[in-house]
Amino acid sequence: MELLEPAVKGTLNVLRASTKGNIKRVVIVSSAAAVNYNPAWPKGKVRDEFCWSDTDYCRNMGNVVGWYALSKTEAELKAVEYGETSGLDVVTVCPTLVFGPILQPAMNSSSSILLNLLKGYEYVDNSERMLLDVRDLAEALVLAYEKPEADGRYICTSHPIMMRDLVGKLQRMYPNYNYPKSFKEAEAQARTTSEKLQKLGWSFRPLEETLADSVESYRQAGFLV
């Protein structure tokens, strides 16, 4: 619950300051968590920018994932509403699971998912994850800011992959790490699409490049040997 107020108030504070500073466009980094939790979305239909997480559903999940999704959804909705009422050009970008080289000294939550696969979770859910390179996300944000035709909301994602297949790919690239021994099958979820963003001119690098550069950065930072 403590995630909600800082997310919404912080976003609105930045937008109000932008208006006072005569900024013409603001690009908000939202999250696929503001897209993925909508039980009313037709089963099997690819999620696009029209799909919003249901705030009541997120609130009733009763866990940190639900509160995180609620905070990102509410913050993005408030940002869109502010843009509509103030005239500020607000563009939002919703990234999926972000890997890639790290710059910070501490391990962030998304990168820790990849790190823990290399360090040997006992088992993992064999769910499909939508992966994204942090450098490709940065390029998407620049496009969303600089392209005059950029408008509204953009989902940013590149590589859908089952966790079992991701582990298999890592094992082939780095056979000496301690990988999960078993997989728990998970219910299939609808995919998300970045088609709108790609029409803006966005492209993404191969998954193998993301994984290799991620692992190398973890080694350099001392998280892996």
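In which sense, right-handed or left-handed, does α6 pass α8? The crossing of α6 over α8 is right-handed; a crossing has this sense if the near helix is turned clockwise from the far one by less than a right angle, and is left-handed if anticlockwise. This is a predicted model, in which local features need pLDDT of at least 70, side-chain atom pairs count only at pLDDT 80 or more, and totals for chains, interfaces and linings use all residues. Residues are numbered from 1 along each chain as its sequence is written, and side-chain values use heavy atoms, with hydrogens and water left out.

Helices (H or I, at least four residues) and strands (E, at least two) are DSSP runs, numbered from the N terminus. Two packed helices are described by the angle between their axes and the distance between the axes. The axes of α6 and α8 cross at roughly 65 degrees and come within 11 Å; axes are lines fitted to C-alpha atoms, for helices over the stretch in contact, and angles run from 0 to 180 degrees between N-to-C directions. On the α6 side the contact (heavy atoms within 4.5 Å) is made by Leu-166, Lys-169, Leu-170 and Met-173, and on the α8 side by Leu-207, Glu-208, Leu-211 and Ala-212. By class, this contact has six nonpolar, no polar and two charged residues. Here Ala, Val, Leu, Ile, Met, Phe, Trp, Tyr, Cys and Pro count as nonpolar, Asp, Glu, Lys and Arg as charged, and the others, Gly among them, as polar.

Helix α6 also meets α4: their axes come within 11 Å and cross at roughly 65 degrees, in a right-handed crossing. Ile-113, Leu-114, Leu-117 and Leu-118 of α4 meet Met-163, Leu-166, Val-167 and Leu-170 of α6. This contact has eight nonpolar, no polar and no charged residues.

Helix α4 (residues 109–119) has eight of its 11 residues buried, where buried means under 20% relative accessible area, exposed over 50%, and partly exposed in between (1.4 Å probe, protein chains only). Its cover includes β3 (97–99), β4 (123–126), β5 (128–133), α6 (163–173) and α8 (207–221). Just after α4, Gly-120 takes a positive phi of about 95 degrees.

A nonpolar core is a set of buried Ala, Val, Leu, Ile, Met, Phe, Trp, Tyr and Cys residues joined through side-chain atoms within 4.5 Å. In the largest one, of 24 residues, Phe-99, Leu-118, Leu-166, Leu-170 and Tyr-218 touch the most other members. β3, α4, α6 and α8 are the elements that give two or more residues to this core, and α4 gives the most, with five. A second, separate core of 14 residues includes Val-93, Leu-137, Ala-150 and Leu-200.

Next comes the sheet. Three strands form an open sheet in the order β1-β2-β6, with parallel pairing; two strands pair if DSSP finds at least two bridges between them. β1 (25–29) and β6 (153–156) are at the edges with a single partner strand each, so one side of each is left without a neighbour in the sheet. Neighbouring strands are turned by 20 degrees against each other on average, direction ignored. β2 (residues 89–95) and β6 share four bridges, and Pro-95 has Cys-156 in β6 as its bridge partner. Helix α5 (residues 134–146) packs on the sheet, touching β1, β2 and β6, and its direction makes about 155 degrees with that of β1. Helix α3 (residues 64–86) lies across β1, β2 and β6, at about 160 degrees to β2.
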